[in-house]
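I opened this notebook to record what I looked up in one chain, going from the whole fold to single residues. The structure itself comes first.

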Amino acid sequence: MTTVLPEVARLPADPSLIHLSYHHEHRVEAYGFDETLEVWTVKARIDADVLAEDMAAYDDVDQDTLDAVQDIPVGRMSFVRVRMFGPDHPFEAMDSYTGDVCRIGETVLDVASGEWDSAFEEALAHPVGDLLVMDRVILEPAWRGFGLGPVLAGAAIRRLSKDCVAVACEPGSADGRDLTEDQHREVAAKLADTWSRIGFTPFADGVHILDCHLQRPHDLLAERQREFTELCRTWRGHHRS
């Protein structure tokens, strides 16, 4: 534990204060592919009021300091839910969004019919329902290296994947950095290992899938949540002692 403490001490605040907020907008009168694609933005942050309350409880700080406290951004995620039984062709809807989502569509769908690709269908325990695409997961630099990506993404998936057959992603850099081809491969391999910790497995053409009807992803997320609880306990033990 002593080797972990100096690293945990670098965290900007108590990770147990992190909240996830979910945002999705749509017109009342459907426009474009609104009935087929649901785009969700998920923000991970520590609210200023929550942080100020925590500081007042444990630290000797004046009111001016508390009044100056601001939200602490932790990360952001984006998910795209593809409704397979809507009025639109699922692949056309995915193709209209981004190239990354389109490539996933080309891998898991029969592009012509808009139904599941036969290999994808065979890979699933129960291939009836919608598809959730994990499009982006980006942590702020100060929060990287502590295993937060899987636990935050897993928590979001639990809430967004109801009635979905699977979650699909294509591991790769999502923060806009210019990388060489070798660096892209290195990042993809590292992220593939990261997402395997909540149940993603390789499928085809760089796409990884999490089968929503298997028990293993639930068990893995429970493990990640226990690790997160221990991280929070370690942070508090270092800062509250």
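The entries below follow the order in which I looked things up.

**Entry 1, the chain as a whole.** I note at the outset that this is a predicted model. I counted nine helices and seven strands in the chain, and the C-alpha atoms fill a box of roughly 65 × 45 × 40 Å along the principal axes. Of the 241 residues, 40% are buried. When I looked up the contacts with a separation of 6 or more, I found that 74% of them join residues 24 or more positions apart.

**Entry 2, the sheet.** In what order do the strands lie in the sheet? I read S1-S2-S3-S4-S5-S7-S6, an open sheet of seven strands with mixed pairing. Strand S1 (19-23) and strand S6 (201-204) stand at the edges, and because each has a single partner strand, one side of each is left without a neighbour in the sheet. I also noted the twist, which averages 30° from one strand to the next.

I followed the bridges strand by strand. S1 and strand S2 (residues 37-46) run antiparallel and are joined by five bridges, with Leu 20 having Ala 44 in S2 as its bridge partner. S2 and S3 are also paired in the antiparallel sense, over ten bridges, and here Val 42 has Met 77 in S3 as its partner. For S3 and S4 I found eight bridges, again antiparallel, and Ser 78 stands opposite Arg 136 in S4. As background I recall that strands of a sheet pair through backbone hydrogen bonds, either parallel or antiparallel.

Why can S3 be called largely enclosed by the rest of the structure? I find that nine of its eleven residues are buried, and therefore the description holds. Helix H5 (residues 99-108) lies across strand S3 (72-82), strand S4 (130-139), strand S5 (164-169), S6 and strand S7 (207-211), and its direction is at about 145° to S4.

I then turned to helix H7 (residues 148-160) and helix H9 (residues 216-239), which pack at an angle of about 125° with their axes 9 Å apart. That angle makes H7 oblique to H9, and the crossing is left-handed. On the H7 side I listed Leu 148, Pro 150, Val 151, Gly 154, Ala 155 and Arg 158, which meet Leu 221, Arg 224, Gln 225, Phe 228 and Leu 231 in H9. The residues of this contact divide into seven nonpolar, two polar and two charged.

Is Ala 204 buried, partly exposed or exposed? Ala 204 belongs to strand S6, and at 28% relative accessibility I record it as partly exposed. I also looked up its separation from Ala 112, which is 92 residues away along the chain, and found the two C-alpha atoms 19 Å apart.

Asp 163, in the loop between H7 and S5, has a phi near 65° and is exposed, with a relative accessible area of 54%. Asp 205, in the loop between S6 and S7, has a phi near 50°, and Asp 205 is likewise exposed, with a relative accessible area of 66%.

Notes. Residues are numbered from 1 along each chain as its sequence is written. This is a predicted model: local features need pLDDT of at least 70, side-chain atom pairs count only at pLDDT 80 or more; totals for chains, interfaces and linings use all residues. Side-chain values use heavy atoms; hydrogens and water are left out. Two strands pair if DSSP finds at least two bridges between them. Helices (H or I, at least four residues) and strands (E, at least two) are DSSP runs, numbered from the N terminus. Axes are lines fitted to C-alpha atoms, for helices over the stretch in contact, and angles run from 0 to 180 degrees between N-to-C directions. Contact means heavy atoms within 4.5 Å. Angles under 35 degrees count as roughly parallel, over 145 as roughly antiparallel, 65 to 115 as roughly perpendicular and the rest as oblique. A crossing is left-handed if the near helix is turned anticlockwise from the far one by less than a right angle, and right-handed if clockwise. Ala, Val, Leu, Ile, Met, Phe, Trp, Tyr, Cys and Pro count as nonpolar, Asp, Glu, Lys and Arg as charged, and the others, Gly among them, as polar. Buried means under 20% relative accessible area, exposed over 50%, partly exposed in between (1.4 Å probe, protein chains only).
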